[in-house]
Amino acid sequence: MDFSIKAFDTKNTIASAKTGCIAVAVFENKKLSPAAKELDHGGEISAALKSGDITGKPGTTLTLRGLAGVGAARVLLVGLGNEESVSEKSFTTAVTATLKVFSTLGATDAIIALPMADVKERDAAWAIRTVLCCAHEAAFRTDGQKSKKDPAPAGVKKVTLALDATAQAKNALAQAQAIANGMDLTKELGNLSANVCTPTYLANTAKKLAKEYKFDVEILDRKQLEALKMGSFLSVTNGSDEPPKFIVLKHMGGKSKDAPVVLVGKGITFDSGGISIKAGAGMDEMKYDMGGAASVLGTFRALGEMNLKLNVIGVIASCENMPSGRATKPGDIVTSMNGLTIEVLNTDAEGRLVLCDALTYVERFNPAAVVDIATLTGACIVALGNHNSGLFTRSDEAHEKLAAELLAAGKQTSDTAWRLPIEEAYNEQLKSNFADLANIGTPGGASVTAACFLENFTRKYTWAHLDIAGTAWKSGGSKGATGRPVPLLTQFLINRV
Ligand code: BES
Ligand code: MN
Ligand code: ZN
């Protein structure tokens, strides 16, 4: 679906627009939105509301044809609920319903003339993002690995948003487009089976993005990782026949002397648990244990499309976590890149083992801020469910500021995060009799001890950790990757410019 913005006014009226369909809002109190009023010359819209053909409840729709004095072939009435206070949820429901009707309409172009700036506590930019993300979600196909492809989407292909075509609105549309495209890439990668989406596949995806958007890209192989002494990362890949890949992507859109923001993604393309093997049920879903990496790649796609004027470096530590005769065993002690020794008490706590070396590696960039993104702990799903990503930072002034920025970006894009603690006290739980650190804590607060483990490797810069175990994927009948937290990350970077 292609989107553009057009302003309608008294000269260039919406009633005279030649298009397949115009979507306008009606409310539960039987009132019409401004655009609906303009199309109600013959009184057909008021009559439909009065008769009860449409109630105005969020998501209800009614298609009318051949209205008097209206150039469009159809007018789609869409319920938007309470006129005094349009909620985010009502707006999103109304947009989803509109797009559903569009998808089966006998027309290829349409106008959305819903009140985009009237959602409570939200601006037009939010409404534009919502429309774009809903459209991408509806059009998204998961048939990439099926022999029979789903039929190509029918109906409307070109949508005009009736809005003042200000520079601000056009910018918002471009950003929304970039975020939605970034999410598509993240979803695609998360859904791909692990025998296809290997560390090498992620590296090739990064190379492709680099070529398309002129990023610098560097792929470090096992030999180079050994030379860097990434003993912790390499211990996770021991059991696998797939070569590990360490991916570095650079988008230097800012001034050359400006410190970069660094995004670090966990890229476990399959997490069997290793020797501490996971239970069989649902293990297939551990193909999305590269969701952090996928969100970094998706965010880079968005950055490339916007050509954002900011220096951003993406780092992905990618390998498989598999059992074998060569696999790391519980009790094995490994030496991380920064010299700390780690007792691997549980090989299923592998995310922190790959991330800690990546977090040491990025010191070389003198980062303005580092954000790691990882499907790190099942406990984060227990704590926050699927609604919020877990956000962890230290609590000094610089970190409070970074946390506030990330929380705000999440709120802004409805891709929310919720703060959880990092405190010295939790480090007690990570003590080992035989090494500097254990890779799991004593029972309780597993998401927090995981974050505290990482904290030990991030003392040289300002750092935040996002645990996306609950938000990057939805389980159940329509299981699949969600594209989160690409909106949060992209908006965070946009806000930094
Ligand atoms: N990738 C998992 C975390 C995970 C679990 C993500 C479920 C999404 C859904 C991670 O590597 C892991 O296995 N963590 C363990 C840690 C434990 C051994 C301390 C966990 O959460 O059980
Ligand atoms: Mn694991
Ligand atoms: Zn994992």
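## The pockets and their linings

Author: The second largest pocket holds about 550 Å³ of space, a volume being the space filled by probe spheres set on grid points joined across faces, edges and corners. The model is predicted, so local features need pLDDT of at least 70 and side-chain atom pairs pLDDT 80 or more, while totals for chains, interfaces and linings use all residues. Residues are numbered from 1 along each chain as written, chains are lettered from A and ligands numbered from 1 in written order, and side-chain values use heavy atoms without hydrogens or water.

A pocket is an open set of points on a 1 Å grid where a 1.4 Å probe fits, with protein on both sides within 12 Å along at least five of seven lines; lining residues have an atom within 4 Å of a point. In the second largest pocket, Lys-278, Asp-348, Leu-376, Thr-377 and Gly-378 lie nearest the centre, among 31 lining residues. At least two lining residues come from each of strand E9 (261-271) and helices H10 (351-361), H11 (378-384) and H14 (446-455). By class, this lining has 10 nonpolar, 13 polar (Gly included) and eight charged (Asp, Glu, Lys, Arg) residues.

The largest pocket has a volume of about 880 Å³. Of its 29 lining residues, Thr-92, Cys-133, Met-183, Ser-414 and Arg-484 lie nearest the centre. Helices H3 (88-102), H4 (124-139) and H5 (167-191) and strand E18 (473-474) give two or more residues each; H4 has the largest share, seven. Its lining comprises eight nonpolar, 13 polar and eight charged residues. The largest pocket lies between domain 1 (2-163) and domain 2 (178-496), because both give residues to its lining.

Definitions and conventions: Helices (H or I, at least four residues) and strands (E, at least two) are DSSP runs, numbered from the N terminus. Domain bounds come from an automatic or database domain assignment.
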